[in-house]
Structures are given as structure tokens and as C-alpha cells.
Amino acid sequence: MPELPEVEIVKQSLDKKIRKKKVQKVIIRNKNLRFKIPKTFKKFLENKIVYKVSRFSKYLIIYLSNNEFCLIHLGMSGTIHLIDSKNKNKNNFTNLSFYNSSSLPKKHNHIEIIFDEFKIIYNDPRRFGFFQIIKNFDDLEKRFMHLGPEPFDNKFNLKYFLQFKKNKERTIKELLIDQKFVSGIGNIYASEILFLSKVNPQKKIKLLTLKECNQIIKNSKKVLLDAIDKGGSSIRDFKNTDG
């Protein structure tokens, strides 16, 4: 499953390509994702201008005209592909996500969002990803209320950490992948953070020293920033919009 760094790379690639572009057409080939694609989705997205693409935790946020938003979660196997409409070459696509293949998948292309000179395709074999309509900024904020701060947030500090430490039987690995505690970290990066911090993943959080807590906070930021800098974790070679 893509974690914060992989989603950040997709966000950067998408923002670079679709910012200030107008959605011409939407094709829904399969509405049965984790949550059904809303019946109004096509009408909602068509003719809207993309102001920017942002991210919170593992969610992509497309800012649209009329102060509306389209939320995308890639689930476990969701990928986004960009097809150049004018280029007739076989290899006229770029996989924006952290899984990479040498050809566009023929199956599981569920949604196409078409712009003037290119289109983006959402592919998801397991269908655990989803698209969601958000009508205003207040609803967008409410959508993330159940999630903890990102590791880069100033709120993710020692004082905050210690609130979760008291009399807890949970292990530190369990805590780090709890999205209510901190957003965006999954199994891969939790392991990397704890290895760098020299903390046993099975250690109970109530037994952590202050030094260990500070190391985990510091290395959460370091590991994720390093991963973003390197283009995220890849099962195969990763390609962004620059190839």
C-alpha cells in the first residue's frame, strides 16, 4: 500500500501536469471501487478547472473551481497513468504512481479524466481505492478530523507523543501505524523509523524512554523526507512525469 512519500510523489507529478487545466470529459468504466463512484461524479467534475493538487496523509486532494474538491485514495493497488493524446507512439504514457510497468495495463482501468491534450487513467486491480466529492472547505476539514497530525506537523512533538504513552500496552509499531496517532505512516516506514531509532518494534510504548520518543519523532521526519527525495519506495523502477 502506498504510504505518505509515494502519495506525495504522485501529488507532485499530478500538480505539475493538471494545474490550471480544464476537465473536458469523464469516463467511468467501473463505479464499484471501495465506495461506489457517486452518480453525480461525472457532472461534478466535467468543465471544472483544477487549481492545484494537494495531499494530506495518504489522500490526494484536487482543488477545483467553485471551491469544491475531489478526494482520491489509492487504496492498496491504485495507480494513476497519464496518456498523451497527441503522441501516437506506443510508449506515450507515464505511470505517476510508485508501481511501474513498461506498458499501460489492459485491465482494471476504472476511471478516465480527459483534458485537452492528455488524459489520466485510474487503474486499481483490488479496487480498495476511491474517489469522493467534497463540496466545500468545511467538509474537507471534517473529512480529516479523525486523523492525527502528519509527522512534519509541529504538533507531532514530545508533548503530543507523551499523551499516548501513559499506561499503554500497545507496541510502538502498532502506535506508529495508527492513523489516529500520526497520519501517513504505514508498515514499511514504521519499520524504517524504528530501525534507525534503534527501538524494538515490539517494545511497549509505556516502556519507552524520553530519548527513544525524541528519536522516533526526529526519525519519522527524516525517513519520510529521505523517501520523498528518492521518489518513494518502489517495487520496480519508479517514473514520474519527467520519466
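Arg-127 is partly exposed, with a relative accessible area of 35%; here buried means under 20% relative accessible area, exposed means over 50%, and partly exposed lies in between, with a 1.4 Å probe and protein chains only. The model is a predicted one, in which local features need pLDDT of at least 70, side-chain atom pairs count only at pLDDT 80 or more, and totals for chains, interfaces and linings use all residues. Residues are numbered from 1 along each chain as its sequence is written, and side-chain values use heavy atoms, leaving out hydrogens and water.

**Overall composition**

The protein has 7 helices and 9 strands. Helices (H or I, at least four residues) and strands (E, at least two) are DSSP runs numbered from the N terminus. Of the 243 residues, 50% are buried. Contact means heavy atoms within 4.5 Å; among contacts between residues at least 6 apart in sequence, 68% join residues at least 24 apart.

**The open sheet**

Four strands form an open sheet in the order E2-E3-E4-E9, with antiparallel pairing. Two strands pair if DSSP finds at least two bridges between them. Strands E2 (50-56) and E9 (130-134) are the edges, each pairing on one side only. From one strand to the next, the twist averages 20°. Within the sheet, E3 (residues 59-64) and E4 (residues 68-73) are joined in the antiparallel sense by 6 bridges; Ile-61 has Leu-71 in E4 as its bridge partner. Helix H1 packs on this sheet, where H1 touches E2 and E3, and the direction of H1 makes about 175° with that of E2.

**The packing of H1 and H7**

Two packed helices are described by the angle and the distance between their axes. Axes are lines fitted to C-alpha atoms, for helices over the stretch in contact, and angles run from 0 to 180 degrees between N-to-C directions. The axes of H1 (residues 4-18) and H7 (residues 210-229) come within 9 Å and cross at roughly 40°. H1 is therefore oblique to H7, since angles under 35 degrees count as roughly parallel, over 145 as roughly antiparallel, 65 to 115 as roughly perpendicular and the rest as oblique. Leu-4, Pro-5, Glu-8, Ile-9 and Gln-12 of H1 make the contact with Leu-224, Ala-227 and Ile-228 of H7.
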